[in-house]
Amino acid sequence: NYNVLYLTARPIGQVETTKHYLQSVVEGGIHLPVGPVITSPDGLFKSLNREVIQRKPQEFKIECLRALRSLFPDQAQPFYAGFGNRETDTISYQAISIPESR
């Protein structure tokens, strides 16, 4: 039994748009699972600069995932798998020890 967490480097001001998008994704009649959406607390310009101009959204994602990881006991691995559509997503998940095969 897994819990899904959605993580985006988009600014917090886009959280509703992001939630609506996630709710609209359907494949074969199946919707994405419900889960919290974590966005960057940074404003629009800082977030866009990081994601679009610098092309380094993984900086926020890695920091966020490490902060979440620190809430668990040292031996625990709270993250089983990571999914994304960019190479920077893979970089983020590998930084917290999720194998590339997941």
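Predicted model: local features only at pLDDT ≥ 70, side-chain atom pairs only at ≥ 80, totals over all residues.
## Helix 2: buried face

Helix 2 spans residues 44-53, and its buried residues are Ser-47, Arg-50 and Glu-51. Viewed down the axis of helix 2, these buried residues fall within an arc of 85°, so they line one face of the helix.

## Helix 2: exposed side and following residue

Phe-45 and Ile-53 lie on the other side of helix 2, where they are exposed. After the helix comes Arg-55, which has a positive phi, near 55°.

## The aromatic pair

A search of the whole structure finds one aromatic pair. Tyr-2 and Tyr-80 form this pair, with 5.2 Å from centre to centre and 35° between the planes; the arrangement is tilted. The pair links distant parts of the chain, since its members are 78 residues apart. Tyr-2 belongs to the segment before strand 1, whereas Tyr-80 sits in the loop between helix 3 and helix 4 (87-95).

## Accessibility of the two tyrosines

The relative accessible area of Tyr-2 is 61%. Because exposed means over 50%, Tyr-2 is classed as exposed. For Tyr-80 the relative accessible area is 44%. This value lies between the cut-offs of 20% and 50%, so Tyr-80 is partly exposed.

Key:
Residues numbered from 1 in each chain as written. Heavy atoms only, no water. Buried < 20%, exposed > 50% of the residue type's maximum accessible area, 1.4 Å probe, protein only. Helix = DSSP H or I, 4+ residues; strand = E, 2+ residues; numbered from the N terminus. Arc of directions from axis to C-beta. Phe/Tyr/Trp six-rings, centres within 6.5 Å; stacked < 30°, edge-to-face > 60°.
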